[in-house]
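Let's take a friendly walk through one protein model. Please look at its sequence and fold before reading on.

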Amino acid sequence: MPVQLKGSCHCGAVRFSLESSTPVPYQLCLCSICRKVGGVGGSINLGGHSKSLQVEGKENISVYKAVMNRDTPKEKIASSERNFCKKCSSMLWLYDESWPDLIHPFASAIDSPELESPETLTCIKLDSKPKYVRLPEGDKEVYDAYGPDSIEGWHKKHHVFKG
């Protein structure tokens, strides 16, 4: 049975809830986008069912579409939409129409329930991490690009999928 996640921005202008079958914050992304929108330590996204998303304060949401390969001949705008509060800038969730059934709330925006801590943190996109950025303490798997598992695949492999 999926878990209901409830979240909000820092100032409280946006509140949301959604159902998630993949609620364990196991994967820290250190790509330039996640570091710059989420802070020096990167971002952790969860998985959710997009049709279950309910939002209060929609008028306070703005969307950022990241610039990929910035300042290169391959520069383009990402299809994914990072939704954030336009009053306090809190990142809320990522949505990409390429996968319309999915939505990816930022773990940092979730208020309840208390999220389960993984035994091992997966750190991805180390090829984008500046030297001054330190990885969190504790057990971790690190990848220059992406790890071998999707969010759903990781949850199923670790027996924490909430189907």
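This is a predicted model: local features need pLDDT of at least 70, side-chain atom pairs count only at pLDDT 80 or more; totals for chains, interfaces and linings use all residues.

Residues are numbered from 1 along each chain as its sequence is written, and side-chain values use heavy atoms, with hydrogens and water left out.

Most residues other than glycine have a negative phi, and most peptide bonds are trans.

| Residue | Phi | Relative accessible area |
|---|---|---|
| His159 | near 60 degrees | 73%, exposed |
| Asp71 | near 65 degrees | 66%, exposed |

Exposed means over 50% relative accessible area, buried under 20%, and partly exposed in between (1.4 Å probe, protein chains only). Asp71 sits in the loop between β8 (67–68) and β9 (76–77).

Now for the peptide bonds: the one from Ser112 to Pro113 is cis, with omega near -5 degrees. Pro113 belongs to the loop linking β13 (110–112) and β14.

Strand β14 also takes part in an open sheet of 4 strands, with mixed pairing and the order β4-β3-β14-β15. Two strands pair if DSSP finds at least two bridges between them. At the edges are β4 (43–44) and β15 (140–142), each pairing on one side only. Inside the order, β3 (residues 27–29) and β14 (residues 121–124) run parallel and are joined by 3 bridges. Gln27 has Thr122 in β14 as its bridge partner.

Technical notes
Helices (H or I, at least four residues) and strands (E, at least two) are DSSP runs, numbered from the N terminus.
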